[in-house]
Amino acid sequence: MRYFYKLLLQDKLSRMDTNEKVHCLIIGSGPAGYTAAIYAARAGLNPVLYQGIQPGGQLTITTEVENYPGYPDGIQGPDMMVHFEKQAARMGTDIRYGLATKVDFSGDVHKVQIDEEKWIEADAVILSTGASAKWLGIESEQRLNGHGVSACAVCDGFFFKGKEVAIVGAGDTAAEEALYLSKICSQVHMIVRRGEMRASKVMQDRVLKTSNIKVYWHSETDEVLGDKKVEAVRIKNSETGEKTEIPVSAFFVAIGHQPNSEIFKPFLDMDDAGYVKTIPGTSKTNIEGVFASGDVQDKIYRQAVTAAGSGCMAALDAERYLSAKGSH
Ligand code: NDP
């Protein structure tokens with residue numbers, strides 16, 4: 001018992017330590033963060049990586065990943081992220097559980113607060129905090145997540161080849177994903193909450209001209225139905241109040257993503273949606289020594305493999321920055 005209290009005290013003291021200084025700090029543990037860690041560790045930057053509240057990131061809530069090169073038989077998303085973590089650890093990354101809660105990028109040395117307690121100083125910081133899919137917030141959507149409910153048609157559409165599926169949303173992502181699904185699935189039911197779409201005109205035209213996409217206007221998702229897997233979706237027409245059940249094998253949510261960038265807002269340039277801006281062709285942000293990789297700076301591709309590639313870029317940019325500064 002005394003040993004247990006000693007451990008607790010040590011943990012508390014290490015959290016209170018405000019003077020920790022690291023060479024390269026990586027925030028986030030998706031494909032971007034771990035890839036940045038692998039490269040940074042091999043380059044001798046002694047990276048410290050904080051995993052955030054969802055170690056492994058968005059891939060830990062998907063099932064099978066079939067489109068990541070190197071896995072000819074596919075792999076479960078959570079298993080793949082364990083591989084990423086192990087590889088980053090084997091290269092010498094100091095991987096820690098903790099959430100970045102505040103940053104101060106105003107000085108030469110960058111400061112990041114962890115779990116609202118401890119401040120860490122770093123010569124270079126790599127942001128790989130990702131983005132979170134927005135969800136409707138209904139109970140059945142949570143319960144059937146990974147069992148037919150998905151927020152990524154490109155990741156999971158293939159599992160419903162030849163089947164009828166539904167997608168909710170009316171922006172460019174929903175339009176793009178509906179078109180993607182229409183090539184794989186027999187019928188796509190697109191649920192649009194207003195009488196018009198937000199998507200660009202050209203994307204709307206494509207959707208409306210695709211014979212196996214049926215659009216349900218003024219429609220809200222009432223419930224996703226099914227016990228262990230998705231079997232149907234019940235929608236409600238907001239003008240007439242009429243409820244309709246559509247038998248489907250999958251339900252895709254495409255109502256936007258939220259980049260996890262809130263804490264960087266006072267310092268970094270971002271677009272209107274909160275995606276961190278990087279200098280094209282690099283991972284450099286507007287602050288020297290702060291680099292961004294993965295979905296927090298990418299609203300277009302959002303794939304594990306592109307995130308991993310940008311994590312590599314961030315580590316190489318950080319290494320060059322530190323070398324030029326003479327601190328590496
Ligand atoms: P958007 O925010 O543009 O669109 C979200 C859509 O989801 C809207 O149609 C919105 O409806 C709908 N929605 C939001 N909440 C709900 C809800 N609770 N129930 C039902 N529907 C809901 O997000 P996107 O991800 O589509 O796009 C984000 C940005 O990325 C945009 O700027 C887009 O242009 C861009 N993008 C560009 C691409 C490209 O250039 N190839 C590809 C994909 C995205 P409503 O309209 O009623 O508000």
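1. Helices (H or I, at least four residues) and strands (E, at least two) are taken as DSSP runs and numbered from the N terminus. The expected span of a helix is 1.5 Å times one less than its number of residues. The model is predicted, so local features need pLDDT of at least 70 and side-chain atom pairs count only at pLDDT 80 or more, while totals for chains, interfaces and linings use all residues. Residues are numbered from 1 along each chain as its sequence is written, and side-chain values use heavy atoms, with hydrogens and water left out.

2. Helix α2 covers residues 31-42, 12 residues in total. From its first C-alpha to its last it reaches 17 Å, close to the expected 16 Å.

3. Helix α2 is largely enclosed by the rest of the structure, because 10 of its 12 residues are buried (under 20% relative accessible area; exposed is over 50%, partly exposed in between; 1.4 Å probe, protein chains only). Among the buried residues are Pro31, Gly33, Tyr34, Thr35 and Ile38. The cover over the buried residues of α2 includes strands β1 (20-27), β2 (48-50), β5 (94-96) and β8 (118-127), and also helices α3 (77-90) and α8 (304-325).

4. Asparagine 46, in the loop between α2 and β2, has a positive phi of about 45° although it is not a glycine. Glutamate 116, in the loop between β7 (110-114) and β8, is also a residue other than glycine, with a positive phi near 60°. Asparagine 46 counts as exposed at 57% relative accessibility, and glutamate 116 counts as exposed at 64%.

5. The second largest pocket has a volume of about 630 Å³. A pocket here is an open set of points on a 1 Å grid over the protein atoms alone, where a 1.4 Å probe fits, with protein on both sides within 12 Å along at least five of seven lines; lining residues have an atom within 4 Å of a point. The volume is the space filled by probe spheres set on the points, which are joined across faces, edges and corners.

6. This pocket is lined by 20 residues, with Gly169, Ala170, Arg193, Arg198 and Ile255 nearest its centre. By class the lining has 8 nonpolar, 6 polar and 6 charged residues (Ala, Val, Leu, Ile, Met, Phe, Trp, Tyr, Cys and Pro are nonpolar; Asp, Glu, Lys and Arg charged; the others, Gly among them, polar). Strand β14 (219-225) and helix α6 (172-182) each supply at least two lining residues, and β14 gives the most, with 3.

7. Threonine 221 is found in strand β14 and counts as buried at 15% relative accessibility. Its contacts (heavy atoms within 4.5 Å), not counting residues up to four places away in sequence, are Leu136, Ile138, Val168, Ile191, Val233, Arg234, Ile235 and Phe251.
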